[in-house]
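Let's take a walk through this model, starting at the ligand and ending at one of the sheets. Keep the viewer open as you read.

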Amino acid sequence: MAKTGQKLYAQARQRIPGGTQLFSKRPELLLPEQWPSYYSRAKGVEVWDLDDNKYIDMSYMGIGACVLGYADPDVDSAVRTAIDSGTMCTLNCPEEVELADLLCELHPWADMVRYSRTGGEAMAIAIRIARARTKKDKVIFCGYHGWYDWYLAANLGDEDALDGHLLPGLEPAGVPRCLRNTAVAFRYNEIDELKAAVTQHRGEIATIVIEPIRNYEPNPGFLEEVRGIATSIKAVLIFDEVSSGWRLTTGGAHLLYRVTPDIAVFAKAMSNGYPMAAVIGISDVMQAAQDSFISSTYWTERIGPTAALATIRKHHLCNASEHLIAAGKRVQSGWKLAADRHGLKISVSGIPPLGHFSFTYENSQAIRTLFTQEMLQKGFLAVDAFYASYAHQDHHIEGYLKALDDTFAFLARAIERGEVERLLKGPVAHSGFQRLT
Ligand SMILES: Cc1ncc(COP(=O)(O)O)c(C=O)c1O
């Protein structure tokens, strides 16, 4: 049992509002009162908790950041060299120019690059640039894009606007009410919803923002139509590749669909666990960054670009995306086969490197919690998602699928006997935003 982590989390709740800095890392969402919560070491796909219990991470791999695996030796070695050379200085680090060249080489439609250190921050920069370029305010978007006001404004007045965009039930407390009606949601692949929003807000739209792909393949022609609409209303088209980037190819997923945005935004996997984010775009739009004030001290430090250069080069050299797709497909088909074998009802979604499944029962949250509880006992960090990394080897996947098969058999029996809730050693995991306060 991960007792020390439990105790520390109870302490954290007293000192840190919400307990963690990232919503998705809250133990209440995964396995309340049992989740290890803290790590002492992580290497490859292995994680040790504060009691030195070892787990194989078959869940979020640093919430999608560690695409090459934890503590990758090549990235870490480049970072150590940067540390020895001084990571901060009055002068700029040359790595940021080298990285800009590399990003534009990988995305030949892009001419210019700005940086920050987190995904939400980089998205806020992209929105600012789009508004500065068009001198308009409104944002039409689908998908999740971080914690900033421009995005949460969608929930002002229309309380369920962000349902279906990864933040159901979110109250935008602290977001100025005057931002009401500045961000308008539509659903992925629902081109008519986009058209309706564009008609309603014609003449006021600065940008259309989408993740080029996430849970579903784009319908034939969807991305092309979005591109066409953005061009026709002179709005900046932003592709948020914070999660989708560096999974299906070395670069943005949009490269595979041959539809180019005006701006693309990267973070997370581009630097394998070191803070780094990039906004890349065509010069006509990116030059507008000069008309606004977009500036921060630590956007100039050296570790982020160094880690990104090492990550991207290794990613390319090892053809990491091929590995991620193969590993993800194997796990997704393993979920389906095991569910069929034991008569469990699940539905599977997500691109293979970012796969999800859900139990389709009335008490699905309790079943999901029991799944995580049983898999933890077998030595796996396992939830209803699998984010593949280059460090996931065949034997990890085989061990996981064997444990999954046993666990699905156990769950099927528990469901049949109506014993799911009784078998839980702690509370049912929370879902959504509303139950965490
Ligand atoms: C598509 C997308 N955009 C933006 C973000 C926000 O990134 P960050 O958590 O680094 O601020 C995320 C994070 O999950 C994301 O998936």
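This is a predicted model: local features need pLDDT of at least 70, side-chain atom pairs count only at pLDDT 80 or more; totals for chains, interfaces and linings use all residues.

**From the ligand to a sheet**

A nitrogen atom of the ligand sits 2.6 Å from an N or O atom in the side chain of Asp240. Then look at the oxygens: one oxygen atom of the ligand is 2.7 Å from a side-chain N or O atom of Ser243, and an oxygen atom is also 3.2 Å from a side-chain N or O atom of Arg214. As for cover, the ligand on its own would expose 390 Å², and the protein buries 85% of that.

Now widen the view to the whole shell. Besides Asp240, Ser243 and Arg214, the ligand's surroundings include the run Thr118, Gly119 and Gly120, and another run made of Tyr144, His145 and Gly146. Glu211, Val242 and Lys268 complete the set. Sort that shell by class and you get six polar, four charged and two nonpolar residues.

Next stop, a sheet. This one is open, with four strands in the order β1-β2-β3-β13 and mixed pairing. β1 (39-43) and β13 (380-381) each have a single partner strand, so these two stand at the edges, and one side of each has no neighbour in the sheet. In general, the strands of a sheet are paired through backbone hydrogen bonds, running either parallel or antiparallel.

Terms used. Residues are numbered from 1 along each chain as its sequence is written. Side-chain values use heavy atoms; hydrogens and water are left out. A residue is near a molecule or strand if one of its heavy atoms lies within 4 Å of it. A polar contact is a pair of N or O atoms within 3.5 Å; within protein, one must be able to donate a hydrogen and the other to accept it, and residues adjacent in sequence count only if both atoms are side-chain atoms. Accessible areas come from the Shrake-Rupley method with a 1.4 Å probe; for residues, only the protein chains shown count as cover. Ala, Val, Leu, Ile, Met, Phe, Trp, Tyr, Cys and Pro count as nonpolar, Asp, Glu, Lys and Arg as charged, and the others, Gly among them, as polar. Two strands pair if DSSP finds at least two bridges between them.
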